[in-house]
Amino acid sequence: MGIAAAEVKGESQEEKTRMTIEEKKRYLEQYAEIDAKVKRLQMEIDAERAAANEASRLMLNGMPRSIDTDSRLERHIIRASELIEEYAVEIEALQSIRMEIRKYLQKMDNETERSALYYHYICGLTWEAVAEQMCFSNSGWLYEIRRRALNNIEIQENEKQSSKK
């Protein structure tokens, strides 16, 4: 459907491509999930390094072995290095998404809205803890701020694709 057809139905092209509040929530929720993924990948890197170091130690210990054993150990070290590189690339991509999320929060004009989203999505506080942190005695007011903040945060459409991964 072209721009004209969308406008006839009462929607501009910009409204058609804007993220919904639920899509924004899913995108922002990735921040906490990324921490867990990065920790898991770092553990995988550590395990692969330990295995590669052990294989290297076995190759260099001076004990006689068959050529086939050395070849297997070399292949293991090479595969461990490849996995470490793959994990490092994945960690870099995940960290990039985290930086994008922070960038979108920093672009928000309203400090109260920005703080509410920051405390919840970046710091991982519950909404009740956010209300306490921001000295709101009426949690209904915080939910209004949250609704406005999610409406007002501008996240580029291409980031919507990242939130589906």
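Mentor: Let us begin with a definition: buried means under 20% relative accessible area, exposed over 50%, and partly exposed in between (1.4 Å probe, protein chains only). This is a predicted model, in which local features need pLDDT of at least 70 and side-chain atom pairs count only at pLDDT 80 or more, while totals for chains, interfaces and linings use all residues. Residues are numbered from 1 along each chain as its sequence is written, and side-chain values use heavy atoms, with hydrogens and water left out.

Trainee: Which residues of helix H5 are buried?

Mentor: Helices are DSSP runs of H or I with at least four residues, numbered from the N terminus. In H5 (residues 111-122), the buried residues include Glu113, Arg114, Leu117 and Tyr121.

Trainee: Why is Cys123 called partly exposed?

Mentor: Its relative accessibility is 41%, which lies between the limits of 20% and 50%. Cys123 therefore counts as partly exposed.

Trainee: Why does Cys135 count as exposed?

Mentor: Cys135 has 70% relative accessibility, so it counts as exposed; the definition asks for over 50%.

Trainee: How many disulfides does the structure hold?

Mentor: A disulfide is a pair of cysteine sulfur atoms within 2.5 Å, and the structure holds 0.

Technical notes: Helix = DSSP H or I, 4+ residues; strand = E, 2+ residues; numbered from the N terminus.
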